[in-house]
Amino acid sequence: MMDVKRGCRNIELFSSLFDNGRMGRPKNFNREEVLEKATPVFWKHGFADTSLRDLERATGVNKSGLYSEFRDKEDLFVACLRHYLESQGKRRLLAKEPLGWNNIETFLKNEPLNKGEQQGCFSINSMRELAILPDEAYAVVTENRALLQGLLAMNIDAEKTKMAPSAIAEMVLSFFSGLCIERNLKSGKASSTRKIGNFMTALRSL
């Protein structure tokens with residue numbers, strides 16, 4: 001009986017050592033690179049239609065590797081969304097001194113993106129799936145829009161407009177969203193530039 005117990009303890013000890021060794025194994029991938037490669041996949045297919053196989057193929061990291069860094073597909077999507085928003089620099093464009101119309105025009109001209117299959121704005125495109133996105137993703141999208149609207153209002157306030165800056169900021173954000181959606185139609189840059197010019201002329205008269 002004593003030999004059986006000793007054998008069980010040896011098995012448990014071996015199992016524990018094996019698990020600790022496996023968990024302590026260094027990652028053979030970089031988190032930032034995974035986010036860079038996974039984001040275009042979510043951008044193109046959307047959250048619902050992106051499969052784990054799609055993500056493995058794009059990142060070159062297998063399921064166990066991805067799930068050692070991210071809890072699940074939802075967690076990876078949220079991480080991609082945060083990474084995208086933090087790397088775009090939209091907020092910096094709107095915080096540049098002096099505040100005013102020039103910042104807003106630069107913001108509109110620098111976004112949305114038109115790069116291969118990455119059309120418009122990843123965050124705006126994701127809004128089409130808000131009903132099924134993880135709660136955290138919903139919060140990231142809505143918080144970012146609120147922050148952008150606040151920065152837009154600061155720039156508009158600096159121009160001493162007759163209309164309330166907050167109301168104009170809402171208009172600008174809606175125009176920006178529409179511009180991003182239109183880019184999915186692969187509209188040319190000249191078309192966007194013309195629309196932005198007309199829109200800025202209208203804004204400066206408010």
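Modeller: One term before we start: contact means heavy atoms within 4.5 Å. This is a predicted model, in which local features need pLDDT of at least 70 and side-chain atom pairs count only at pLDDT 80 or more, while totals for chains, interfaces and linings use all residues. Residues are numbered from 1 along each chain as its sequence is written, and side-chain values use heavy atoms, with hydrogens and water left out.

Biologist: OK, which residues does Ile104 touch, not counting those up to four places away in sequence?

Modeller: Ile104 is one of the residues with the most contacts inside the largest nonpolar core. Leaving out residues up to four places away in sequence, the list for Ile104 reads Leu94, Leu152, Asn155, Ile156, Val172 and Met200.

Biologist: How many residues does that largest nonpolar core have?

Modeller: A nonpolar core here is a set of buried Ala, Val, Leu, Ile, Met, Phe, Trp, Tyr and Cys residues joined through side-chain atoms within 4.5 Å. Buried means under 20% relative accessible area, exposed is over 50%, and partly exposed is in between (1.4 Å probe, protein chains only). Helix 2, helix 5, helix 7, helix 8, helix 9, helix 10 and helix 11 each put in at least two residues. Leu76, Ile104, Leu108 and Val172 have the most contacts inside this core, and its residue count is 49.

Biologist: Zooming out, what pattern does the protein follow along the sequence?

Modeller: Helices (H or I, at least four residues) and strands (E, at least two) are DSSP runs, numbered from the N terminus. The protein comes to 11 helices and two strands. Read in order, the pattern is α-α-α-α-α-α-α-β-β-α-α-α-α.

Biologist: And of the contacts with a separation of 6 or more, what percentage comes from residues 24 or more positions apart?

Modeller: For scale, the protein has 206 residues, and 39% of them count as buried. For contacts with a separation of 6 or more, the share from residues 24 or more positions apart is 68%.

Biologist: Now the rings: what kind of aromatic pair do Phe42 and Phe77 form?

Modeller: Rings of Phe, Tyr and Trp (its six-membered ring) pair if their centres lie within 6.5 Å; planes under 30 degrees apart are stacked, over 60 edge-to-face, and the rest tilted. A search of the whole structure turns up eight such pairs. Phe42 in helix 2 (residues 31–45) and Phe77 in helix 5 (residues 73–88) are 35 residues apart. With 5.0 Å centre to centre and 90 degrees between the planes, this pair is edge-to-face.

Biologist: Why is the pair of Phe175 and Phe199 stacked?

Modeller: Both residues are buried. Phe175 lies in helix 10 (residues 165–183) and Phe199 in helix 11 (residues 189–204), so the pair ties together parts 24 residues apart in sequence. The ring centres of Phe175 and Phe199 are 3.9 Å apart, and the pair is stacked because the planes are at 5 degrees.

Biologist: The charged end of which residue sits over the ring of Phe47?

Modeller: Phe47 belongs to an aromatic cluster with Phe42, Trp43, Phe77, Tyr84 and Phe122. A charge sits over a ring if NZ of Lys or CZ of Arg is within 6 Å of the ring centre and within 35 degrees of the ring normal. At 4.5 Å from the centre of the Phe47 ring, the charged end is that of Lys73.

Biologist: What about sulfur: which cysteine sulfur is nearest to that of Cys121?

Modeller: A disulfide is a pair of cysteine sulfur atoms within 2.5 Å, and the structure holds zero of them. Cys121 is in no disulfide; at 4.7 Å away, the nearest cysteine sulfur is that of Cys180.

Biologist: Last one: what separates the C-alpha atoms of Gln149 and Leu173?

Modeller: Gln149 is in helix 9, and at 24% relative accessibility it counts as partly exposed. Apart from neighbours within four places in sequence, Gln149 is in contact with Ser166, Ala169, Glu170 and Leu173. Gln149 and Leu173 are 24 residues apart along the chain, and their C-alpha separation is 6.7 Å.
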